Amino acid sequence: MSGKVKIRLMDGRDIDIVAEMEVQIFPSPWTKKGISDIVLGDSYIKGIIAELDKKIAGYGFYWSAGSETYIANIAVDKKHRRKKIGEKLLRYMLDDGISQNISTAVLEVRKSNMPAIEMYRKFGFVNAGVRKKYYSDNEDAIIMEKYFLEK
Ligand SMILES: CC(C)(COP(=O)(O)OP(=O)(O)OC[C@H]1O[C@@H](n2cnc3c(N)ncnc32)[C@H](O)[C@@H]1OP(=O)(O)O)[C@@H](O)C(=O)NCCC(=O)NCCS
């Protein structure tokens, strides 16, 4: 039986598994060195883990700068999809940004990535532009933004 999903900050023990998951999930994965620099170095990028039954079921990277939170990456293990884990990771990132008074959250997503686009739409993200041939295989990126009410 599946337990509760816990979101926590990424740490050094997560690097190998996150790097493996990157390779399995993304056509242009972040390298283990890149992930390690973020987690162990003094990076402005934050990494978070979704833990299910004490195992890594998903992760994400994001940062907040000025009035904006940038969602760099959200990934959920194939066997754990559609259990609201992606949503929990995204919620955590947005709440963290809101706590820093952001007015916008922004991200890029592959034009063909329907599951992710649907998730972002559900959270109130809207299309804000296209970056033509943004990915190394020439696929376009859709820019999506979510606007928070001015305080
Ligand atoms: C996108 C991704 C993170 C979603 O994670 P998830 O844990 O499976 O999603 P959730 O269960 O939290 O679903 C949240 C919402 O996303 C949408 N969604 C997720 N998967 C979907 C699918 N296969 N088809 C349609 N909508 C989908 C739905 O709106 C869903 O809400 P609902 O359950 O009320 O319908 C996951 O599919 C994934 O890891 N994909 C590969 C990596 C990736 O592309 N990441 C995004 C990079 S920008």
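## Helix H3 and its surroundings

Helix H3 is followed by Asn 101, whose phi is positive, near 65°. Helices (H or I, at least four residues) and strands (E, at least two) are DSSP runs, numbered from the N terminus. This is a predicted model, in which local features need pLDDT of at least 70 and side-chain atom pairs count only at pLDDT 80 or more, while totals for chains, interfaces and linings use all residues. Residues are numbered from 1 along each chain as its sequence is written.

The 15 residues of H3 should span 21 Å at 1.5 Å a residue, and this agrees with its end C-alpha atoms, which are 21 Å apart. The expected span is 1.5 Å times one less than the number of residues. Ile 85, Gly 86, Lys 88, Leu 89, Leu 90, Met 93, Leu 94 and Gly 97 are the buried residues of H3. A residue is buried if 20 or more other C-beta atoms, placed from the backbone, lie within 10 Å of its own, exposed if 12 or fewer, and partly exposed in between. The cover over these buried residues includes strand S1 (5-9), S2, S3, S4, S5 and H4.

## The nonpolar core

The largest nonpolar core has 30 residues, of which Met 10, Ala 50, Tyr 59, Ile 71, Leu 89, Met 93 and Met 144 touch the most other members. Such a core is a set of buried Ala, Val, Leu, Ile, Met, Phe, Trp, Tyr and Cys residues joined through C-beta atoms within 7 Å. H3 gives the most to this core, with 5 residues.

## The shell around the ligand

Of the 20 residues around the ligand, Arg 81, Gly 86, Glu 87, Pro 115 and Met 119 come nearest; a residue is near if its C-beta atom, placed from the backbone, lies within 6 Å. Strand S4 (68-76), H3 and helix H4 (114-122) are the elements that give two or more residues to this shell. H4 gives the most, with 6 residues.

## Loop residues

Gln 100 lies in the loop between helix H3 (85-99) and strand S5 (104-110). Because 12 other C-beta atoms lie within 10 Å, Gln 100 is exposed. Gln 100 and Tyr 147 are 47 residues apart in sequence and 14 Å apart in space, C-alpha to C-alpha.

Lys 84, in the loop between S4 and H3, has a positive phi of about 70° although it is not a glycine. Lys 84 counts as partly exposed because it has 14 C-beta neighbours inside 10 Å. Asp 53 lies in the loop between S2 and S3, and its phi is positive, near 50°.

How values were computed: Contact = placed C-beta atoms within 7 Å.
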